[in-house]
Amino acid sequence: MVKYNYIFEKIKKSAKLAIFGTLKEAINIKHELEKYRKDIKLVCFLDSFQTGELEEIPVHSPLGALIGTSFQNTEFLALKKDINAVIISSFRQQYSMRRLLNTIGVDDENIFVVKEKKQAEAKKNKPSVTNLIDPEFAKHKKHVSTVIRRIIPQAEIKQLDISLVEHCNLKCYGCSHFAPLAEEEFVSVESVEKDLKRLSQLTKGSLVEKIHLVGGEPLLHAELLGFFPIARNFFPEATIKLITNGILLPQQSEDFWLACKKYNIDVTPTMYPLKIDWEQIEQTALKYDVKFYFHYANPEGEKTSWFLPLDENGKQNPTESFINCLMANKCFLLRDGKFYTCALPATIQHFNKYFNKDIPVTEKDYIDIHKAKNIEEILEFLAKPISFCKYCNANERKMDLEWKMSTKSINEWMLEKK
């Protein structure tokens, strides 16, 4: 009896095969191939974290190729072009393995999965492997874990930004929302209500951990308090934060603080190197029993600047940009029914208008929540590179620069031409 015949019969004659996995099951598949499907060529084993050799067959890491480590990179990328079938040897890990294979360009129709094993079978000893852990890869293991998080759909929305105002009263160098370049523009309460109502329907009022009310500067919005009950009513369990630069906090009326208390809105300013009496503001928050703490700061406490260069010619690899992006599958933005995987495509119109550029945003760069069938469809979309990723030069990004004001120079968002 051929144990894996249910898979072998689906694989085309003379196929070039990879087996995802390096445990006993993978070895068993290899041995049966050698007996019953000699026309199939086993090109390599694949493993999420390891490289080397197993029973004289090379072991490659697709993740290693994605993150750009040097080991076996050229060899694997050359092999990948020839592989036309992959067997996933772990039923329990099939979802993450399939996602990783899709990311490197393997279609679902060419991926085959073993049947579920009994738990006792799964605990058998590992096979004898030589040179399996590559020291170069070990240095990148933490990054690899981050990459996996970026390309695997999450179980919930950890952070959702709702942009209430496009412009700002503080012009920060290299702002990721392009707020220094934006003209005055306010989002309507009705638009946000419509979007959050739909998102609540899709998530049944849960599955959203944090909602950030952001800008620009949200305190510039004359109807700011109207957003508080809407966000809280649709998402009663979420942490809702008002993200502000704090400049206008000393001027807020008692109604503002009472509304924050009533709807459980956390006031979370970013600590810029400005002369703001934070102690007095904190005392006011304490008086009204409002949660008050700082949103983003480096270890020294103050806000830093980022340099997130764009490539106006769209010559970057979208997958590489996505997996090396700090915001990928993490910092989402919702506006006018469009769910974006990051703020850049949602606000690029300000950059385009100010500098007379034409970096496009297409329907492939967001998902319309009013057309999405379920929350799973949205979470699946957010874990994939978008077309806009080819305009982001993620490899040249610089973080934690000294904070400074914007001069509205194009070089704050693009590399200087040599």
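Tutor: Helices (DSSP H or I, at least four residues) and strands (E, at least two) are DSSP runs numbered from the N terminus. On that basis, Tyr95 sits in helix α5, residues 94-103. This is a predicted model, in which local features need pLDDT of at least 70 and side-chain atom pairs pLDDT 80 or more, while totals for chains, interfaces and linings use all residues. Numbering runs from 1 along each chain as its sequence is written, and side-chain values use heavy atoms, with hydrogens and water left out.

Stay with Tyr95. Its relative accessible area is 49%, so it counts as partly exposed. Buried is under 20%, exposed is over 50% and partly exposed is in between, using a 1.4 Å probe and protein chains only. Setting aside residues up to four places away in sequence, Tyr95 touches Pro153 and Glu380. Contact here means heavy atoms within 4.5 Å. Tyr95 and Pro153 are 58 residues apart in sequence, yet their C-alpha atoms are 9.8 Å apart in space.

Now the core. A nonpolar core is a set of buried Ala, Val, Leu, Ile, Met, Phe, Trp, Tyr and Cys residues joined through side-chain atoms within 4.5 Å. The largest one has 93 residues, and Phe256, Phe339 and Phe351 touch the most other members. Take Phe339. Beyond four places in sequence, its contacts include Ile157, Leu160 and Leu199. They also include Phe332, Leu333 and Leu334. Further along the chain, Tyr366, Ile367, Ile369, Ile378, Phe381 and Leu382 are in contact with Phe339 too. A separate second core holds 21 residues, including Phe8, Ala26, Ile29 and Ile87.

Next, the rings. Rings of Phe, Tyr and Trp (its six-membered ring) pair if their centres lie within 6.5 Å; planes under 30 degrees apart are stacked, over 60 edge-to-face, and the rest tilted. Phe332 and Phe339 are both buried. Elsewhere, ring pairs join Phe178, Phe351, Tyr354, Phe355 and Trp413 into a cluster.

The loop between β8 and α10 holds Gly216. A cis peptide bond joins Gly215 to Gly216, with omega at about 20°. Most residues other than glycine have a negative phi, and most peptide bonds are trans. Two residues have positive phi. Glu55 is not a glycine, yet its phi is about 50°. Glu55 lies in the loop between β3 (52-54) and β4 (57-60). It is partly exposed, at 33% relative accessible area. Asp289, also not a glycine, has a phi near 60°. Asp289 is in the loop between α12 (278-287) and β11.

On a 1 Å grid over the protein atoms alone, a cavity is a set of points where a 1.4 Å probe fits but cannot get out; a pocket is an open set with protein on both sides within 12 Å along at least five of seven lines; lining residues have an atom within 4 Å of a point. Points join across faces, edges and corners, and volume is the space filled by probe spheres set on them.

The largest pocket has a volume of about 990 Å³. It is lined by 40 residues, of which Ser176, His177, His295, Lys303 and Trp306 are closest to its centre. The elements giving two or more residues to this lining are α8 (141-151), β7, β8 (208-214), β9 (239-244), β11 (304-307) and β12. β11 gives the most, three residues.

There are three cavities of 30 Å³ or more. The largest cavity has a volume of about 100 Å³. Its lining includes Ser321, Phe322, Cys325, Met327, Thr341, Cys342, Phe388 and Arg397. The second largest cavity comes to about 40 Å³. Ile162, Ser163, Val187, Ser191, Val192, Asp195, Leu334, Arg335 and Asp336 line the second largest cavity. Two or more of these residues come from each of β7 (157-163), α9 (189-203) and β12 (332-335). The most come from α9, with three. Leu334 lines this second largest cavity and is also a contact of Phe339.
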